[in-house]
Amino acid sequence: MVDAGAASLAASDKVGVTRAWVPWAWSGFLIAVLAFLVLYPTSMLLIGALTTTNPVVEGYSLSDISIGNFLAVVMNPNVAAALGNALLACAGGTAVAVAIGLAFAWVVVRTNTPCKGLIASAGMLPLFVPPLVAGVAWSILGSPKTGLLNLLLNKAGIPFRFDLYSMSGIIFVFGIYYAPYVYMFTAAALRNMDPALEDAAEISGASATRTMATVTFPLIMPAILSGMLLSFVVMLGIYGIPAVLGAPANISVLTTYIFALTAWSPPRYNTAAAVAVILMIVTGVLVYLQQKIVSGRSYTTVAGKAFRPRPLNLGKWRFMTLGLAILYLFVVVVLPTIALFIAAFRKFLFIKDIPALFETKQYGWQHFIKMFDNPLTIASIINSIKVGIITAIVGGLLSFAIGYTITRTRAPGRRMIDVITTIPVAIPGLVIGVAYLWAWIGLPGGLYGTLWILALAFVARFIPDTVKALSTSLLQIHRELEEAAWICGRGTLSTIASIVLPLARPGVVAAMTLLFILSMRELGSSLFLYSSGTMVMAVQLLGYYEGGNIGITAAFSLVQMVLLGVLISFTNWLSRPGRGSAAIKPDTAPTGVVRSG
Amino acid sequence: MSSELRVEQLRKVFTTTTAQGPALKAAVDDVSFTIAAGEIVVLLGPSGCGKTTTLRCVAGLEHPTSGKIVIGGTVYTDPQGGVLVPPRNRNLGMVFQSYAVWPHMTVRQNVAYPLKSRGVKGAAQDKAVKEALDLVELSTYADRPVTQLSGGQMQRVALARSMVYQPQILLLDEPLSNLDAQLRLRLRDDLRRIIKRVGLTALYVTHDQTEAVVLGDRIGVMRDGKLLQLDTPSAIYNEPADLFVAGFTGATNVIEGRLVSRDGAFGVVAVASGEHVNARVGGTVAPGTAVRVALRPDNVVLNPVGPGVNRFLGGVSTRHYQGTQTVYQVSVLGAEIEALEVGSAARHDENTQVTVGLPPEACWAYPVAG
């Protein structure tokens, strides 16, 4: 058909032999990048935990490396107290989360409660609230002396007082905010369960409660356990909630204790590293258990055929379940939002009686004006956006490169790349922060103190999520689409540019936006890596809170919530169904947000 | 422009994990054949027989363990000699099972893509694309997004894309298996006409016998990585080389026996009932060997007219009337065999006696071992 084509082909008929070193060089490059991002900081953290030299003053030294240094920290009663508090808070929080999440799942999947679709989607909202904002809102509501709820109780003449500045306060807030996690796991399991299994039990003569105890629960047990372990792990890594609610009552958990150690004068970097290692070990064990449960789920409840679980007719009781669901949503969404609004717009938070609550002259923009008068506010927003953009671009490109290498090539060492990529799943953000601190603080003129160290730490922290999302997206592109391009005369890079990237674009864009959102709200790792010139939003918010100005704190919380809300709606819009087959799965977005706490 | 393809002693070994640990499995085992320029060869076999792996080795998408692939006198694959030309430098055309048309491009962009890789621009590109689309009768669809096309039209786009640059060889990997039955029949006839008009050398892979017979100048039957027989369709159907090829062409009746004597291409087989059957025998089978006699149901004649050899007394056990044909289960020679008669009238009743005629040239005796 084309002689020109034939002629040019004959000219290019330089029978090219495959260059065998290229895949090796590529794998080597990726492993080097991952080593730089993940392995080097974690190793430095371990070294820090085993030595006593101050990296800022003395540089890095291996001279006094000894397990004794680590054991000395473990034996410290303060560390033991922090560990005990952390385990207690997370265990309690998980118990509350399981009770709420399981009930919610049952109501939504198995009953004829009205508006359950709406309930289900509203129930996911707490996942998007940054923990620090949740903590601030609840301190406004439930501080023992000035909390809005307590003022109301006082006016109503009820002698009871809420005290959120306590262990039970932390447990309560943990529980209500991480219940959606348990819900996600158990609702899916309940939905996928063949109702015939329960029918069979009832036909065999078991009562409804007996069926539930002997068939339903054992079948969804792996899902419950899995959701439990993950919510436990997420709570363990959270800084914002225990920092706000625990500090007034002198309750420190592992995360707040680690930060306190680095804030002391002089900073106790070695001890901080050792406590971070303890936190990492606990997290690692729990994540390992969770992965084992997920992969080894012995009973398959998914039968492969389509069925619609028969909802239980609750009769009049369905309005009670609806009421309970609305109560939960009121407590976890409406109440904190009202609190933030009142605190942000009211001149003084002291409210002497109910009519005073509605005096319009008490309200105004004064806190917002004051907040924006502080140059650090704008600077922190701009810095956060900058860090977000760097994280999205670097993380997006790297995740695409890794995802493509793992799913699409036969490059040597791709299993190893896969494994290193998943390591950060078991490292809480705060620990990544300490690890990066250790890795760079002793190298003068390096990364420490720049926006890049924040961005790189975020990339390392979120890389498991984005690689997983992009791999899913890449796996949806049929192999033969790529092979057809090779046959047509294109090389690997040209094929990626003209075929793979355009087809995976919705997934790539969604993953990058997700990275942007996650890094905008990340507090745990930022705490250790910001400097006066690189203040970011989440840390600035903590600064306002610790400065004692509740009005500005609430105002800034609202600004952040609005920013995040806009961004999240934008992501949902990007990944909405029908925008290309390779769009990111809707359920990967909340997972990413959740793991970050 | 089309070239000769020579495949020499191709082997592809995979490492598989079994209960006993890793084991080596040959997906393609010592396959050799030559396709003359302009010829269409169809590789036929059940799934997992190595036909697709062979094709992908020719394309350069798989790397064989050993062997040579020579196209138009140039060696493209020779692992021992360190030659593995990547697919992009082979100048081959390939039509994939999944069509593999790019969903983010229009019909024209899909077809022009390989020309762009070759630096064909402007008027030359437009002319080539137009000719290719004319050939597959899709000219009016040139500016549609491919996602708006039907399966059959997508497959035509894939065909146009694979031929627009006059490749040395056209490779087709089960191109019709994703289409519905009616479309498959139409496109099957079109495919051969189009390939022949352009005069391309083609290697075609399928598991469908009728597709192979209609499309191929020659058919190669594969099983367990081995090429069992490569011959014209009529030779495959009338002189299958072994029991497997015979079975694949539809010879589902198998009668056990022992070769008593032979005379040239024919021999006498003693079966379990003691009766003697005349059958065609392969060259190396000696008298005394245990053999299986295979024949197709449509070659069994019930109550034949006139004299002849291989006439036996049998009984009709069951009758399955299928409208335009009738399948009988007949007990004869101490075995149960199937007989197929064409026509809408069923001639024999169940539980009646019939004379069963087995034409010797349609009875093929193969040694039992191997």
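Biologist: Hi! Which strands of chain B make up the closed barrel?

Modeller: Hello! The closed barrel has 5 strands, in the order β12-β13-β14-β21-β15 of chain B, and the pairing is mixed. Strands here are DSSP runs of E with at least two residues, helices are runs of H or I with at least four, and both are numbered from the N terminus. Two strands pair if DSSP finds at least two bridges between them. This is a predicted model, where local features need pLDDT of at least 70 and side-chain atom pairs count only at pLDDT 80 or more, while totals for chains, interfaces and linings use all residues. Residues are numbered from 1 along each chain as its sequence is written, and chains are lettered from A and ligands numbered from 1 in the order in which they are written.

Biologist: Thanks! How do β12 and β13 of chain B run?

Modeller: Strand β12 (residues 253-263) and strand β13 (residues 266-271) of chain B run antiparallel, joined by 6 bridges. In that pair, B:Asp263 stands opposite B:Phe266 of β13(B).

Biologist: Switching to chain A, how many helices and strands are there?

Modeller: Chain A has 27 helices and 0 strands. Of its 597 residues, 48% count as buried. Buried is for 20 or more other C-beta atoms within 10 Å of the residue's own, exposed is for 12 or fewer, and partly exposed is in between, with C-beta atoms placed from the backbone.

Biologist: At what angle do α2 and α14 of chain A pack?

Modeller: Helix α2 (residues 21-50) and helix α14 (residues 269-295) of chain A pack at about 115 degrees, and their axes are 7 Å apart. Axes are lines fitted to C-alpha atoms, for helices over the stretch in contact, and angles run from 0 to 180 degrees between N-to-C directions.

Biologist: Which residues meet there?

Modeller: From α2(A) they include A:Leu45 and A:Leu46, and from α14(A) they include A:Tyr269 and A:Val277. Two residues are in contact if their C-beta atoms, placed from the backbone, lie within 7 Å.

Biologist: Where does chain A touch chain B, and how many residues take part?

Modeller: The contact takes 25 residues from chain A and 35 from chain B. On the chain A side, α1 (3-11), α22 (479-487) and α23 (492-521) each supply at least two residues. The largest share of that side, 6 residues, comes from α22(A).

Biologist: Which element of chain A has the lowest mean pLDDT?

Modeller: That is α1(A), with a mean of 38, while helix α18 (residues 375-408) of chain A has the highest, 94. pLDDT is the predictor's confidence in each residue, from 0 to 100. For chain A as a whole the mean is 84, and 89% of its residues reach 70 or more. Residues 1-16 of chain A stay under 50.

Biologist: What about phi of B:Gln9 and B:Glu174?

Modeller: Phi of B:Gln9 is near 45 degrees, a positive value in a residue other than glycine. Phi of B:Glu174 is also near 45 degrees.
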